[in-house]
4 protein chains.
Amino acid sequence: MIIMKTVSEMGNRIGNIFSLTSFGESHGVAIGGVIDGMPAGVKIDMDEVQKELNRRRPGQSSIVTARDEKDKVKILSGVFDGVTTGTSIGFVIENTNQHSNDYSNIKEAFRPSHADYTYTSKYGIRDYRGGGRSSARETAARVVAGAFARQALNQLGVEIYAYTSQVGNICLDKDYRKYDKSNIESNIVRCPDSEKAQEMIDLITEVKQEGDTIGGVITCVVKGVPVGLGEPVFGKLQAQLGAAMLSINAVKGFEYGMGFDFATARGSEVNDAFVCEAGKVSTKTNNSGGIQGGISNGEDIYFRVAFKPVATLLRDVETINEKGENLTLHAKGRHDPCVLPRAVPIVEVMAAIVILDNYLMNKTVKL
Amino acid sequence: MIIMKTVSEMGNRIGNIFSLTSFGESHGVAIGGVIDGMPAGVKIDMDEVQKELNRRRPGQSSIVTARDEKDKVKILSGVFDGVTTGTSIGFVIENTNQHSNDYSNIKEAFRPSHADYTYTSKYGIRDYRGGGRSSARETAARVVAGAFARQALNQLGVEIYAYTSQVGNICLDKDYRKYDKSNIESNIVRCPDSEKAQEMIDLITEVKQEGDTIGGVITCVVKGVPVGLGEPVFGKLQAQLGAAMLSINAVKGFEYGMGFDFATARGSEVNDAFVCEAGKVSTKTNNSGGIQGGISNGEDIYFRVAFKPVATLLRDVETINEKGENLTLHAKGRHDPCVLPRAVPIVEVMAAIVILDNYLMNKTVKL
Amino acid sequence: MIIMKTVSEMGNRIGNIFSLTSFGESHGVAIGGVIDGMPAGVKIDMDEVQKELNRRRPGQSSIVTARDEKDKVKILSGVFDGVTTGTSIGFVIENTNQHSNDYSNIKEAFRPSHADYTYTSKYGIRDYRGGGRSSARETAARVVAGAFARQALNQLGVEIYAYTSQVGNICLDKDYRKYDKSNIESNIVRCPDSEKAQEMIDLITEVKQEGDTIGGVITCVVKGVPVGLGEPVFGKLQAQLGAAMLSINAVKGFEYGMGFDFATARGSEVNDAFVCEAGKVSTKTNNSGGIQGGISNGEDIYFRVAFKPVATLLRDVETINEKGENLTLHAKGRHDPCVLPRAVPIVEVMAAIVILDNYLMNKTVKL
Amino acid sequence: MIIMKTVSEMGNRIGNIFSLTSFGESHGVAIGGVIDGMPAGVKIDMDEVQKELNRRRPGQSSIVTARDEKDKVKILSGVFDGVTTGTSIGFVIENTNQHSNDYSNIKEAFRPSHADYTYTSKYGIRDYRGGGRSSARETAARVVAGAFARQALNQLGVEIYAYTSQVGNICLDKDYRKYDKSNIESNIVRCPDSEKAQEMIDLITEVKQEGDTIGGVITCVVKGVPVGLGEPVFGKLQAQLGAAMLSINAVKGFEYGMGFDFATARGSEVNDAFVCEAGKVSTKTNNSGGIQGGISNGEDIYFRVAFKPVATLLRDVETINEKGENLTLHAKGRHDPCVLPRAVPIVEVMAAIVILDNYLMNKTVKL
């Protein structure tokens, strides 16, 4: 009889009807997942799926990590003659450009503000190469599932976009309606205000040169959601969206509608008055962010997601190892000075997964 | 063949191993729920359970609603001779002081920033009395489940407390360590700073006199959580805590650790350096808020929850009814001018439910 | 730090979209549950619900236990003006006619073929009165949920009936089409063949006089299920039905279609040939029992459920107690000599729960 | 706005804590899955995993299909330096020896007693090659997950074995204790009685020559299960085992302990009397099959699983196509005349998945 570290991990799955179960470590053979509950009969454009992956891909610009991962997705099942069959969709993305020896120096070290210590404590073992399972590389699997969800949502008239709204002290106005989404992809930081975008790029470049990193905020907007999505009581739409966003690496905060600004507001100032025009109910203002009582009300859903600065610094860092000994680390891998530009598509796909799942949960049926 | 509005509601349950499935409308016969996965063999102090309910209870002070609900909980199963048996625990709280005729005027009206419109749209029907299922009265069931969870957590050395840290523009410092938790219950707004507490009370009183309402922020601290709670990838501890908080009525934002303040920070300033003293690993700072990579690291977990002002104003409000006609509402019920004081115990119990559930998911076993 | 027997119980819930979470011990305050996912807008006939409970009720005839439980159900939420609202439905059935002192002699005894030993071993504690949570009294909660499901299914044209097809050596023919369902309730054993019914009643009466008990088989038929219910791979309709039946107290076997008789058959003899008449696809024979590849094919679904004899004998029984000491038990409670007559409605309601749940999971949506 | 056939499939996952989410069609790129909840720190012997796959593999003997699938499994994550890390385990088995053109003739045909008609009806589309998702090829993914589970169970002292106990009219005695498990793998039909094994082989050979198929029964025994596994009420151990077995292709019945033979028994004959020797509680007989009240009692768990004859006959078969037209099919693929020999390892691995999952759900913790 030996003693094994035995811990149940119940967290590799998201979604109720439309779901993703993911797997994969940063420097393992491959990452991937199983998409379940995808509606049957949806024509899938694989170029679009790959395009989403490319937006998340390392090496795409001067302000993100230089790792050159191809991130080519391979669909293994569930799509027949280009159309979804309703059966589960397995997929893999091979890990091709991993430099595992870059990480030999952290084999026994606990990097500050990383998951090395918590994973080792929880499981008694960890794949130390590039963060293993705790690496943000895992989010590539989310992008595939989200790209499938988005192709179903497109047909439903639902549109989702996100953008970098803050890097360090450089902020956009909180009102997303002031910005033209068609500008987002026009710059490498994915900010719809060209002037602010350049300031953000300059700041990230400066931070990068110092071997430092910087945080920020992403704003996400979901248009065209019908009235009725979201499940009371614990399954409120904002609770599901919040959990999805807070499950992204480096996310530290979530607010929707006016969010934390509600704290200083009076009800008389911020209640959203109803209007009915030509039989269509809407609200004059949308401080609520498109959700009332946990259920979408047909207005735009919008929310903000706060990211901490990347923990890996390209400079000497004092820390400890598994034995509790002090040591100095100097990260050798290729890392992002700011996670925001690559996180924009991740926020979008997580929103797509949640919205499609709730769409499927909310079906009205003729009995 | 008739057509029924048919919608699946999957949201009345929270938790994986320790779970609550709740039921009940504001003005129905009773509210209640089933607690499942409660560890067997825990001695339950029912006075403590009732005390938690009393902290949430209406009518407890001059700054909350004057409704005089007794909120006496009745345990129907799962506790034998005062000890939990491991079987499911059914409980009910009767609705005794409901004035349903207070609500006759809103039978067909959609109150602004309430759930009347979204529930009616989703289900084709709603119990309009006092908000029905969307009423915050539902949170009383959470308090019972959380009180059970807390009694198990007490034995594990886990302590949870929350307090009102902001009402309108009156804010405490974000550093919870500056405040003495023993002061929290010393005032009716549940703020550990007596001076600020009085300012908050004055503000709420003023707002109430104007028939208006005001928002705020609650800070919650969880001490004594062992290293290892939380499930990667989608089940990160912050995702579960965030979802739990965002499922509370009127909550619009959640952040943990430095939260949104991380957006303006550099990695070099905010990374939490490790130290090892006498074999015990800890961090010099705790900007991360006690969670790394989705898993607790043994430091204090702390987070902030933003609440919007209560939507019901005690003044004339213009709105529409189900037919889209304009009308003027004047709320006649008894309502809170500020939800914060009564929400403090709700935040605590939701944290307790999540922490105990994760504790049970993280069991280390000798194989 | 004390040591608690701590076991997670994840088993008090059945169903994915339409679900029941149940609670209650035989001699506790009440049993009950929460129905979640009930479609909104269904008019509920509470007399029908009560009628189903009466069919399961003790004391209804000379061949079942003489316990006189009223089993009046009280709906606490989710039904407004007689119509379901889509919110969760809490309900309780009070335990009114319990003679707890009947059980004082078994407080420390482990009754043979009961759950006393396994519950005590698993949880370290048990409510010994009348079997506690392991009592078949728990099935009354299932009847309530199933009665709600059945009222939705009625509107969908789905009909479910079951009958006693075997008691001891007295068997009906396996072909359910030979029997007229309108005869089932015409006798107290719930067997559609009047002659066999009388033989069964005589046998049960004889067995009862000897203080003994006897097993049997119930056959269940589900008509009007549309093509398409059931989820591959692990959620095959037969797997869900089988699990539901095997979760009923005293059930030891489940087979559908030809079941175990398939073992001796050749494919050429038992394959169900397709025919298409007037555009409608059906099969000439239905050896498969209405399910192909885990999915309903539009034919009648039928299955058989084997019950063991009730474990409680009204005679001296040798056994052991918690300390391992030998003792002689003589059951004093009022018990069923044969569980079949009262189990017929339980089999029906479990089928109703599974079929409605799968109906809701199989919704076709216009995207 | 187009109309899509849209169905949620929630069935590709089994297990609560230890779970498998599977994917893959018979003639797609690959089949595979994600194992979640595998305990960390378990040393994995990949040769043993492959050996299990080889037992299920086509082409292994003269009485099974001649398809020569290599079924080499490739682990993509979750195992580091040969040891499980607690993170999710992705794996794939490439489909290498598929002759898709073998199936061109069934593209529009509905084969009798296959899933062609039900899949097409449910999803509006199907991958017709070799049965697509409904093919028993899917069970290879189960074997991988079960092989991992078994390696954990081995360390816990749990042993699982199954054998062919009936083919057509050739039956073994129901008492598994009469047979020596070490004989099971000594013959190609996997029957521990050499003489009966030869009769079975002869029968299958004869049936095969006639282009026909034959059904049978597999008996499974689980030894070394501790007291306490299984979750009341709906999660009874027999319900979980039954669902797992009934989810295997071609399974039509499940019974445990005395099963259907209980129907003719009296309680006084079949109750399992307790004995206590040297402080160890056991039962004199084990008619119950090792489970009481849904919870394991420490005795051997044993059950029987009925399989129908394979639906594909190697002879002319009359059927219809999607348009309802009559046609004659003559199967050209390579098919099993009897599924039993290859199903023996599948029954074992499904038992392993259920038992390990329940082991993890039943952990006793010091609080």
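**Figure 1. Six salt bridges turn up across the interface of chain C and chain D.** A salt bridge here is a side-chain nitrogen of Lys or Arg within 4 Å of a carboxyl oxygen of Asp or Glu. One to look for pairs Glu210(D) with Arg266(C), whose closest N and O atoms are 2.6 Å apart. On the side of chain C that touches chain D, the residues split into 53 nonpolar, 38 polar and 22 charged. The classes work like this: Ala, Val, Leu, Ile, Met, Phe, Trp, Tyr, Cys and Pro are nonpolar, Asp, Glu, Lys and Arg are charged, and the others, Gly among them, are polar. A quick note on provenance: this is a predicted model, where local features need pLDDT of at least 70 and side-chain atom pairs count only at pLDDT 80 or more, while totals for chains, interfaces and linings use all residues. Residues are numbered from 1 along each chain as its sequence is written, chains are lettered from A and ligands numbered from 1 in the order in which they are written, and side-chain values use heavy atoms, with hydrogens and water left out.

**Figure 2. Chain C and chain D bury about 8,800 Å² between them.** Of that area, 62% is on carbon and sulfur atoms; buried area means the accessible area (1.4 Å probe) that two parts lose on being put together, summed over both. Phe234(C), Lys252(C) and Phe274(C) supply 10% of what chain C buries against chain D, more than any other three residues. Each chain brings 113 residues to the contact, with contact meaning heavy atoms within 4.5 Å. There are also 44 residue pairs in polar contact across this interface, both residues at pLDDT 80 or more. A polar contact is a pair of N or O atoms within 3.5 Å; within protein, one must be able to donate a hydrogen and the other to accept it, and residues adjacent in sequence count only if both atoms are side-chain atoms.

**Figure 3. Chain B meets chain A through 113 residues from each chain.** Together chain B and chain A bury about 8,800 Å², with 62% of it on carbon and sulfur atoms. Phe234(B), Lys252(B) and Phe274(B) account for 10% of the area chain B buries against chain A, more than any other three residues. The salt-bridge count between these chains is six. In one of the salt bridges, Arg266(A) pairs with Glu206(B), with 3.3 Å between the closest N and O atoms.

**Figure 4. Tyr302(A) sits in strand E17 (residues 301–307) of chain A.** Helices (H or I, at least four residues) and strands (E, at least two) are DSSP runs, numbered from the N terminus. With a relative accessible area of 12%, Tyr302(A) is buried; the cut-offs are under 20% for buried, over 50% for exposed and in between for partly exposed (1.4 Å probe, protein chains only). Its side chain reaches the backbone oxygen of Asn286(A) at 2.8 Å. Leaving aside neighbours within four places in sequence, the contacts of Tyr302(A) include Tyr176(A), Cys220(A), Tyr256(A) and Met258(A).

**Figure 5. Asn286(B) lies in the loop between strand E14 (280–283) and strand E15 (291–292) of chain B.** Asn286(B) is buried, at 13% relative accessibility. A polar atom of its side chain lies 2.8 Å from the backbone nitrogen of Gly290(B). Beyond four places in sequence, Asn286(B) touches Tyr176(B), Asp272(B), Glu299(B), Asp300(B) and Tyr302(B).

**Figure 6. Arg129(B) and Asp127(B) form a salt bridge, with the closest N and O atoms 2.9 Å apart.** Both Arg129(B) and Asp127(B) are buried. Arg142(B) and Glu138(B) also meet in a salt bridge, at 2.4 Å from N to O, and both of these residues are buried too.
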